[in-house]
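Hi everyone, thanks for coming.

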Amino acid sequence: MFKGLFQTRSKAKNNIVMDTNGLDMSNIPRHIAIIMDGNGRWAKAQGKVRTYGHQAGAETLKTIVRAADKLGVKVISAYAFSTENWKRPVTEVNFIMELLSRYLTNEIDEFNENNVQVRFIGSREGLPDIVKQKMDHAIEATKNNTGIILNLAINYGGQAEILHAVRSIAAEAAAGTLDVEQIDNKVVESHLYTAGLPAPDLLIRPGGDLRISNFLLWQIAYAEIWTTKVFWPEFTPDHLVEAILAYQGRERRFGGLVDKK
């Protein structure tokens, strides 16, 4: 299904990228973060239950990972389940956990066939044992893949991540293994869940909301943000191209000035 979904759209997508939109293939963001929002609202608009939207959203993720890989993106970080999502109805939470388990079971062969490496960020505390087992299996089964990295944020919160890093750094300082004067950005980043990954260049938020929802708070300090009212299940490779085109049209100053001489 993974391959089929992508192949049905790949020809049109490639035509748009190469012939119509003038995408600069030398300026593709290395790391794209995505807040996969709007699943429930999309389902409601279809007269379906919210869980129908989560299922559709999982299919969309598979399509977008393949499209991003074709464009040369190196990392996709996808917000799958936040620390705040536990507040949702138990039936919905249980469905999402079951969906994650099935996703990490059914897609391993496709991940390997397409050279996708799977990683996870977030706390494992409170996750069902079966989900943690599937996560471990996905990591082990795809660890040697050298293509795009799919970085799934499960039970993730940006504030919780920073707090975890601060506690780890404080413990090392208290133990005398880390000099307080040596604590800098690199030390903090080495204690984040995303250690070893480049910072996101582009943050995409479907669904129409204009907030970052506690996602990668440290890492997106200088990411370009692109939003759309399109709900995540409706998000296509063409929308991905649109977001990257917007990214390419911006000047990334990182707090400085751009010399236009």
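Let's begin with a question: is α3 mostly covered or mostly uncovered? It is mostly covered, with 16 of its 22 residues buried. Before I go further, please keep in mind that this is a predicted model.

Staying with α3 for a moment, you can find this helix at residues 50–71. From its first C-alpha to its last it reaches 31 Å, which is close to the 32 Å expected at 1.5 Å a residue. Just after α3 comes G72, and this residue takes a positive phi of about 100°. If you look at Y52, you'll see the charged end of K48 sitting over its ring, 5.3 Å from the ring centre.

Now for the aromatic rings. How many aromatic pairs does the count come to? The answer is nine. Let me show you Y79 and F215: their ring centres are 4.2 Å apart and their planes are at 10°, so this pair is stacked. Where do the two residues sit? Y79 lies in strand β2, residues 75–82, while F215 is in the loop between β5 and β6, so the pair ties together parts that are 136 residues apart in sequence. Both partners are tucked away: Y79 counts as buried at 8% relative accessibility, and F215 is buried with a relative accessible area of 0%.

Another pair to look at is F81 with W86. Here the ring centres are 4.9 Å apart and the planes are at 80°, so we call the pair edge-to-face. F81 is buried, with a relative accessible area of 0%, whereas W86 counts as partly exposed at 33%. And coming back to Y79 and F215, these two form one aromatic cluster along with Y156 and Y193.

Next, let's turn to helix packing. Two packed helices are described by the angle between their axes and the distance between the axes. For α4, residues 90–106, and α6, residues 129–142, that angle is about 25° and the axes are 9 Å apart. Angles under 35 degrees count as roughly parallel, so α4 is roughly parallel to α6. The crossing of α4 past α6 is left-handed.

While we are on α4, please find S101, which is in this helix. S101 is buried, with a relative accessible area of 13%.

For contrast, here is a loop residue. D179 is found between α7 and α8, and at 41% relative accessibility it counts as partly exposed. D179 and I169 are 10 residues apart in sequence, and their C-alpha atoms are 9.8 Å apart in space.

Last, a word on backbone angles. Most residues other than glycine have a negative phi. Which residues have a positive phi although they are not glycines? N155 is one of them, at about 50°, and N214 is another, at about 65°. N155 has its place in strand β4, residues 149–156, and is buried with a relative accessible area of 5%. N214 is in the loop between β5 and β6, and N214 is buried too, at 13%. F215, from our stacked pair, is in that loop as well.

That's my tour, and I'm happy to go back to any part of it with you.

Methods:
Residues numbered from 1 in each chain as written. Predicted model: local features only at pLDDT ≥ 70, side-chain atom pairs only at ≥ 80, totals over all residues. Heavy atoms only, no water. Helix = DSSP H or I, 4+ residues; strand = E, 2+ residues; numbered from the N terminus. Expected span 1.5 Å × (residues − 1). Buried < 20%, exposed > 50% of the residue type's maximum accessible area, 1.4 Å probe, protein only. Phe/Tyr/Trp six-rings, centres within 6.5 Å; stacked < 30°, edge-to-face > 60°. Lys NZ or Arg CZ within 6 Å of the ring centre and 35° of its normal. Axes fitted to C-alpha atoms, helices over the stretch in contact; angles between N-to-C directions. Parallel < 35°, antiparallel > 145°, perpendicular 65-115°, else oblique. Left-handed = near helix turned anticlockwise from the far one by under 90°.
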